[in-house]
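Dear colleague,

I am passing on the structure below, together with some notes on what I found when going through it. Please read the notes with the model open beside you.

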Amino acid sequence: MTGDFVLTGARLATMASTDTPYGLIEDGAVAVSDGTIVWAGPRQKLSADNSAWEQRDLGGRLVTPGLIDCHTHIVFGGNRAMEFEMRLNGASYEEVARAGGGIVSTVSATRTASLDDLVQGALPRLDALIAEGATVVEVKSGYGLDRDTELNMLRAARRLGELRPVTVKTTFLGAHAAPAEYKGRDDAYIDEVCIPALRAAHAEGLVDAVDGFCENIAFAPAQIERVFKAAQELGLPVKLHAEQLSHQGGTALAAQYGALSVDHVEYANEDDARAMAASGSVAVILPGAFYTIRETQEPPIGHFRTHGVPMALATDCNPGSSPLTSLLLTMNMGCTLFRMTPEEALAGVTRNAARALGLKDRGQIAAGMRADLAVWDVGTPGELAYRIGFNPLHTRIHEGKQ
């Protein structure tokens, strides 16, 4: 499906800002030209010019924007099934990390993997996301923790976007943890490794955004701020893992720097929600990690609603705390664990996920948007979050191509 065509016989969940839930159009049509939506609306209002284009009847199926996973770590070496077993035997996520496990335990496997190894290891995870309608996937570095491996991870992420019909956005996460050789010398790691690696990655054109992990087992706000200042000098947007296990003040720092998003945020408070609303930052909710590490502190969904903070949902796919490769299950978890509504969940993997990546031309079905679409064998949009372990995808369209 390329060139100029019109999708008809469609129920459109446009996710545009309207008074109608989901921006739903019952008998809709979408006109696509050269990979861009040029018109979307009720079928009876389709213009004569568009009516002359190739017609594709969807038989009343639901069409949504293509799904967007705005927070993943799908490029890594090895796995951490052993730590999964440790946690089930009583160890906390923090205890595992302090014992030398967690993030650091993945570093050696990632450092020894070749670029091809990293790509081949990530492809099945990426394919799982694509098979559920994902058209945009964010991929972070952060398991190299040295210059060469961080760059190799970002190169692998770029290659994934070349090998599959999906848009890959890359995020530099050198401030993920201090490696063993810098144990107890976090400041030295930030100055000697992280920031120089960021500059090198930017010079190679490998970075779309910059992230960090601000937590009691990772980096303090003052250390993250040095990374943010380097990103600012390079003209790169920032985002932050913050308030996942404790309240360290990372959300306020991220908002101060106009972060695209603040992610996890289980321990964020109402002041944090106010700061995010003022900065326009998206709250990225990651139920897979909450579920896997058996957290009990829920993100302040009510505060985000009250203050108008847009909420995204993402898999946080990673080898330790969220080995999750299903956006559909993520939507269900957001509803079941955090009582998000199905409409909030769908907005969380479309419109708000696009915003979390700074993408203004994705996440909605509207004129001027890229033709990233998912066609579903369901009767209502709410079914996408309702079902568990079921994939009703009929067709995925990425930039106008099926």
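Is T251 buried or exposed? With a relative accessibility of 0%, T251 counts as buried, where buried means under 20% relative accessible area, exposed over 50% and partly exposed in between, with a 1.4 Å probe and protein chains only. T251 lies in helix 9, and, not counting residues up to four places away in sequence, it touches A242, E243, V262, V265, A268, D272 and M276, contact being heavy atoms within 4.5 Å.

Before the rest, a word on the basis of these notes. This is a predicted model, in which local features need pLDDT of at least 70 and side-chain atom pairs count only at pLDDT 80 or more, while totals for chains, interfaces and linings use all residues. Residues are numbered from 1 along each chain as its sequence is written, and side-chain values use heavy atoms, with hydrogens and water left out. Helices (H or I, at least four residues) and strands (E, at least two) are DSSP runs numbered from the N terminus, and two strands pair if DSSP finds at least two bridges between them.

Helix 8 (residues 221-234) has 14 residues and spans 20 Å from its first C-alpha to its last, close to the 20 Å expected at 1.5 Å a residue, the expected span being 1.5 Å times one less than the number of residues. Its buried residues are Q223, I224, V227, F228, A230 and A231; they cover an arc of only 160° around the axis, which puts them on the same side of helix 8, the arc being that of the directions from the helix axis to the C-beta atoms. On the other side of helix 8, A222, Q232 and E233 are exposed. The cover over the buried residues includes strand 7, helix 7, strand 8 (209-214), strand 9 (239-242) and helix 9 (250-256). Just after helix 8, G235 has a positive phi of about 75°.

Six strands form an open sheet in the order 3-2-1-4-13-14, with mixed pairing. Strand 3 (36-42) and strand 14 (393-397) are at the edges with a single partner strand each, so one side of each is left without a neighbour in the sheet. Strand 1 (residues 5-13) and strand 4 (residues 54-65) run parallel and are joined by seven bridges, with R11 opposite L62 in strand 4. Strand 4 is in turn joined to strand 13 by four bridges, in the antiparallel sense, and T64 has A374 of strand 13 as its bridge partner. Strand 13 and strand 14 are likewise antiparallel, over four bridges, and there the bridge partner of A374 is R396.

Finally, the annotated positions. An unreviewed UniProt entry lists R80, Y143, H176, Q244 and S321 under "binding site"; its positions are given in the numbering used here, with feature names shortened, and the annotations may be inferred rather than shown by experiment. R80 sits in the loop between strand 5 (67-69) and helix 2 (81-88) and, at 4% relative accessibility, counts as buried. Leaving aside its neighbours within four places in sequence, R80 is in contact with residues including Y143 and S321. H176 is in the loop between strand 7 (167-175) and helix 7 (186-203) and counts as buried at 3% relative accessibility. Among the residues that H176 touches, not counting those up to four places away in sequence, are H73, Y143 and F219.
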